Amino acid sequence: MNKPLRRIAIFCGLLMLALLIRDNYLQYVRADKLKDDPNNRRVTIARYATPRGDIIVSGGDSITGSALSSKSGLNDLKYKRTYKNGPMWAPVTGYASQAFGATQLESLEDGILTGNDDRLFFRKTLDMITGKEQQGGNVVTTLNPAAQKAAYDGLKRQGGKGAVVALDPSTGKILALASYPSYDPSSFAGNTNDDAAAWKKLQKKYNPADPMLNRALRETYPPGSTFKVVTAAAALENGKYTSADEKTDSPLPWTMPGTTTQLKNEGNIPCENAPMRVALQYSCNTVFGKIGADLGNDKMLAEAKKFGFDSEQFTPVRSSASVFSDDMNQSQTALSSIGQYNTAATPLQMAMVASAVANDGRLMKPYMVDELQSSNLDPVTKTQPEELSRPLSPKNAQILQDMMQTVVDKGTGTRAKIDGVKVGGKTGTAQHGVENSENPYAWFISYAKLPDGSSPVAVAVVVEDEGANRDDISGGGLAAPIAKNVMEAVIDSKK
């Protein structure tokens with residue numbers, strides 16, 4: 001071969017090598033980045049080329065579906081998502097929209113629902129060989145339809161804003177997760193002008209009620225007197241008091257340390273040196289405020305963290321971290337120990353508190369996905385219950401159970417009573433606004449114990465009702481009846 005031909009051959013070889021390197025760089029190094037590029041419409045087209053798999057609730061009912069998209073305009077996406085009882089289930093499912101993306105389970109489990117997850121490799125390969133159209137898998141949740149309906153209907157009847165979370169204390173399964181007001185994900189699942197208009201109406205800028213806010217997981221509220229359950233746990237765990245009926249060191253009036261401010265109780269109630277049972281029954285601020293101040297910030301913070309405070313929870317949908325502050329003085333710790341000052345909690349967090357007490361001191365990690373399935377219903381993964389912490393010894397948990405049952409039997413929570421069932425609870429009416437200028441939040445946390453000793457459900461309810469008469473707002477009046485209906489729905493479903 002002469003010299004010019006050799007140079008041409010080498011040059012062509014180098015071009016081929018450069019082409020191969022570039023091709024491999026695009027296919028392997030930049031593949032994920034190109035796939036996720038918002039300008040790469042092929043990914044979106046592929047996602048909606050086949051029906052998505054379903055999100056399924058306990059009992060096997062699908063709460064989602066798929067329908068052919070509108071062909072108006074330039075829409076080239078074949079299928080769009082549909083929802084059954086969309087507003088009721090939106091806090092669980094989130095949404096999958098051709099125009100606005102996806103959230104919550106629809107986003108987190110998108111690979112399973114579209115059939116693109118690597119864990120479905122065998123199924124995809126088999127479908128490719130047989131020529132079968134790719135199908136999405138299913139997400140099977142832990143949600144109890146009857147409990148969810150009781151929760152959502154209760155909030156809707158109340159007419160304000162609020163949220164409900166119900167857990168299975170022994171496993172951590174989320175049985176109900178309701179938020180009100182809510183929205184219908186079907187209303188903007190497509191890519192038309194009507195979908196865009198529906199989306200716009202739901203944005204907080206145009207709708208101050210903020211129906212797209214998941215209040216069960218993402219909103220934190222001052223928990224008010226429901227937090228006294230955590231303070232009572234701290235008193236027992238740190239040996240300050242060893243029984244429910246031991247008199248406490250609680251003078252009346254009581255001035256908060258380092259201040260000239262007396263901590264007030266609501267009304268003329270028997271709080272002076274009251275045992276913790278009586279103090280929880282009547283919701284004595286002075287008793288639990290002084291317990292918090294005496295224990296100090298460090299011990300109160302340590303106990304709150306054992307219940308899950310100051311940590312995000314992943315269900316797998318992320319829940320905001322509840323707050324119990326550090327570096328507080330005694331008077332600030334006193335106020336925080338009755339659920340005020342900086343203390344803030346999600347409804348999920350307060351359901352976790354009730355759940356840990358009901359489960360003899362063991363707090364289980366909350367979760368809402370029970371199983372992921374392939375399109376032919378073969379299991380891909382199965383969630384196993386996981387212990388998160390032990391905020392209480394079994395002995396102290398049983399003391400606290402007894403105290404919470406007194407609250408329901410003859411205290412502020414009597415509207416949660418269920419015939420033939422032991423119900424423990426705690427009411428809360430949390431201050432809201434500068435110097436408590438706005439209507440307070442009504443809270444109730446509770447659990448149910450059956451005659452066989454099992455505890456199938458723990459519940460937290462919070463109600464925001466700006467339109468109610470201020471004097472009519474109480475955890476026992478607004479929130480406890482909703483909790484009762486949710487607990488009854490779970491109990492009835494097990495019969």
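On a 1 Å grid over the protein atoms alone, a cavity is a set of points where a 1.4 Å probe fits but cannot get out, and its volume is the space filled by probe spheres set on the points, which are joined across faces, edges and corners. The structure examined is a predicted model, in which local features need pLDDT of at least 70 and side-chain atom pairs count only at pLDDT 80 or more, whereas totals for chains, interfaces and linings use all residues. Residues are numbered from 1 along each chain as its sequence is written, and side-chain values use heavy atoms, with hydrogens and water left out.

A search of the whole structure finds one cavity of 30 Å³ or more, and the volume of the largest cavity is about 50 Å³. Its lining residues, which have an atom within 4 Å of a point, include Pro91, Gln104, Ser179, Tyr183, Met212 and Asn214. By class, this lining has six nonpolar residues, four polar residues and no charged residues (Ala, Val, Leu, Ile, Met, Phe, Trp, Tyr, Cys and Pro count as nonpolar, Asp, Glu, Lys and Arg as charged, and the others, Gly among them, as polar).

Helix 10 (residues 228–237) has nine of its 10 residues buried, that is, under 20% relative accessible area with a 1.4 Å probe and protein chains only; helices are DSSP runs (H or I) of at least four residues, numbered from the N terminus. Among the buried residues are Lys228 and Leu236, and just after the helix Gly239 takes a positive phi of about 75°.

The axes of helix 10 and helix 12 (residues 285–295) come within 10 Å and cross at roughly 50°, the axes being lines fitted to C-alpha atoms over the stretch in contact, with angles running from 0 to 180 degrees between N-to-C directions. The two helices are therefore oblique to each other, a class left after angles under 35 degrees (roughly parallel), over 145 (roughly antiparallel) and 65 to 115 (roughly perpendicular).

Notes
On a 1 Å grid over the protein atoms alone, a cavity is a set of points where a 1.4 Å probe fits but cannot get out, and a pocket is an open set with protein on both sides within 12 Å along at least five of seven lines; lining residues have an atom within 4 Å of a point. Buried means under 20% relative accessible area, exposed over 50%, partly exposed in between (1.4 Å probe, protein chains only).
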